[in-house]
Amino acid sequence: MQQFNITGMSCAACSARVEKAVSKLEGVENCSVNLLTNSMSVEGSATDAQIIEAVEKAGYGAYRSNEKTKTDASANADTSENAEKTAIIKRLIASAVILLGLMYVSMGYVMFGFPMPKALSENPMAVALIQLWLSALILVINQKFFISGFKGVINRAPNMDTLVSLGSGASFAYSCYVMYLMSGSLIAGEMEAAKHCLHDLYFESAAMILVLITVGKFLEARAKGKTTDAIRALMELAPKTVTKLENGTEKKVPIEELQVGDLFVCRPGENIAVDGVIIEGKCAVDESALTGESIPSDKAEGDSVSAGTVNKTGFIKCRASRVGEDTTLAQIIKTVTDASATKAPIAKIADRVSGVFVPAVILIAAVTFVIWLIAGQTVGFAVARGISVLVISCPCALGLATPVAIMVGNGVGARHGVLFKTATSLEETGKVKTVIFDKTGTLTKGEPKVTDIYPAKWMLKRRLLSLAASLEAGSEHPLAKAVIKENSDAGGEIYPISEFEIISGRGLTAVIDGARIYGGNLEYIKNVADVDNDAEKKADKLASEGKTPLFFAFAGEFIGIIAVADVIKPDSTGAVEKLKDMGINVIMLTGDNERTAWAIAKQIGIENIAAGVLPKDKANIVNDLKIIGKTAMVGDGINDAPALANADIGIAIGAGTDIAIDSAEVVLMNSKVADVVTAIRLSRATLKNIKENLFWAFFYNTVGIPVAAGALFAGFGVLLSPMLGAAAMSLSSFCVVMNALRLNFAKVADKPVVDNEIIINEVKENKQMEKVMKIEGMMCPHCEARVKKCLEALPEVTEAKVSHKEGTAVVVLASDVSDDVLKKTVEDQGYTVL
């Protein structure tokens, strides 16, 4: 996809014109112009030169986007945006100062009799000339509207500036005509007639229209700047420098100088510069900016770290694995910006209208002028109605309705760890009727774990685990690793083995201390030892729960059962329940046997499954379900890629394989099943917001134009002055952008319910306890260090992980300590425990 920046666009008619011009080029497969970001994405074989030439022929400018600016140079975007705001503010201040003088003369003196020097008050032509000069100054200051507007006419692409310049220019021209009539009255000696002409001047309208539109542009620019806050925040996460390690010496260098394979260090409180692997040290890393997960993740030697995340505790030495545009942070920013540059299907409604909107408004204004003349009204009255029609019409609101909502929606998604690759995926995800889950690695952790240990009556549980782990140490099977890990966590022994042998499809055998040990399925162990009926019944029960029972025999005696299972993710059940509450059908696909699949499905609450399916079968099932309604597939592995590609919406778990992520339209960075619910909620909220924006844009123009034309004058005597029309136009686009910003407050992700002031979470594996304290008053890393030091001084506290940003302290305890002691310890340092 080729990306271009477009200059000179002011409304939806402009973006429609550019899109139409480029789409006509041979070799262009798809073209999408974004009015919000003044950007264009083009797919196809057309060259840059051909595309730029087509844009220039349409009356606009274009240049190729620098891909680097998407990830590294947020300052460039900020500079451009600030320059635009500065220019608008300067025009606005200068125009407003002059307008005050103009309004004093035109409204204060002429309408309400405010005092004026005698020499002027006795000469109506002098009063008219003052108004002409002052309004002309404002027209010159705001010449941008006239240049852009008439350039659009010359290129047969009239735009919003055309309407503004026609409205303001018509007011000025008509006022000059009135001055001509005034001069005739003065020559004829008719002073009263000349003074009456002052009431027919529209110089103040010509100026006020431009000032009010400029006010609207300023408000719109400020509001539009807020729509990109999420992307800007991501860009600011990447530090500009890094501490590089060369020959054992630390050296501060620009981030651009760091290459793959280079060593760098990161201290507590610093942002990690690039993606890398820890080769020395350990720390807690805040990954909330990338994944939406607020609890810091513990990292140790061999673990990966990502650019833009924050090292909360501990000094680490890392080897750079991905730098520049290849880092996870850079890819997230690119995904969000690329998605915002694409066009949602619903935007086509506005595009079709925008293409003919401005010419239609000009025609309506002309017809309005003629009709009022035919109806017997004065030229001044008819001119005012035509001008009102021109200046109240707002194609900008139509053009901004969709892209601002898409931009904000993508930003909200990025904050919650949900990445939509295109605007289409953001719109369509909320329409799904069926969600299909792969089981392993998606609904479950994909890492087998020991769930149950049943030793024989005469065997100690710890002895059974040590013997089993010693045997499994010779195997690379995932189930063997689960047994070994469980024994290690329990502090069990590993005995030396000999004569190790794998019996394919049945189990293992080896010799420990001169006695042979066996491990495997029931049939295999029955051949070497007697297994009692109670043990077989337990095994059946375990199998019905989706667990794999491993039988063990030692020295000719059955010694027990160890059950291993792929553990269900803690949020799977809740996520499935919420999807069902949303009226969505949930289906689970797995390559496992049907008994295991049903056992897992029942625990999670899924009522429809397909077991024993191959990758190609998954794709076929997805195709069949698409006939019923829009379907989403959620998966993480290579075997899910065909199904992800075939689904209407492919949703990939962020911790999955690259091929799965490449095949999907939506990526869940935090690998949480609950984020599927977040993605659907966000999509629905965004689509609702777009519809609200489009309704407002169409409603505003549908009602505003007839009222401006004088449709209510005959029955109710209601007229809309050109100045009020300009004010309405200036606020319409602002209202659309502000409505889109409401998406930032939409509740799309469920937060954990906190029943107690201090949350207690027992960690069974290491018999430790964690307490999370909410603390108010911490402002900086020094506050963190102070709270950490005072807490870790308590003998019961093993470690305290403190975050001033989150306002929390996670206290790891070796033994219990009362909440009051913890609270007093922190509050003695001058902070408040909530």
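Q: How far should the 18 residues of helix α6 span, and how far apart are its end C-alpha atoms?

A: Happy to start there, with the reminder that this is a predicted model. Counting 1.5 Å a residue, helix α6 (residues 124–141) should span 26 Å, and its end C-alpha atoms lie 26 Å apart, which agrees.

Q: What does a side-chain oxygen of Asn-123 reach at the start of α6?

A: The oxygen comes to within 3.1 Å of the backbone nitrogen of Met-125.

Q: Is Ser-388 buried or exposed?

A: Buried means under 20% relative accessible area. Ser-388, found in helix α15 (residues 379–392), has 0%, so this serine is buried. Leaving aside residues up to four places away in sequence, Ser-388 touches Ala-708, Leu-720, Ser-721 and Pro-722.

Q: In what order do the six strands of the open sheet stand?

A: The order is β16-β21-β20-β19-β18-β17, with antiparallel pairing. β16 (444–455) and β17 (498–503) are at the edges with a single partner strand each, so one side of each has no neighbour in the sheet. Ignoring direction, neighbouring strands here are turned by 20° against each other on average.

Q: How many bridges pair β20 with β21?

A: Seven bridges join β20 (residues 548–554) and β21 (residues 557–568) in the antiparallel sense.

Technical notes
Residues are numbered from 1 along each chain as its sequence is written. This is a predicted model: local features need pLDDT of at least 70, side-chain atom pairs count only at pLDDT 80 or more; totals for chains, interfaces and linings use all residues. Side-chain values use heavy atoms; hydrogens and water are left out. Two strands pair if DSSP finds at least two bridges between them. Helices (H or I, at least four residues) and strands (E, at least two) are DSSP runs, numbered from the N terminus. Axes are lines fitted to C-alpha atoms, for helices over the stretch in contact, and angles run from 0 to 180 degrees between N-to-C directions. The expected span of a helix is 1.5 Å times one less than its number of residues. A polar contact is a pair of N or O atoms within 3.5 Å; within protein, one must be able to donate a hydrogen and the other to accept it, and residues adjacent in sequence count only if both atoms are side-chain atoms. Buried means under 20% relative accessible area, exposed over 50%, partly exposed in between (1.4 Å probe, protein chains only). Contact means heavy atoms within 4.5 Å.
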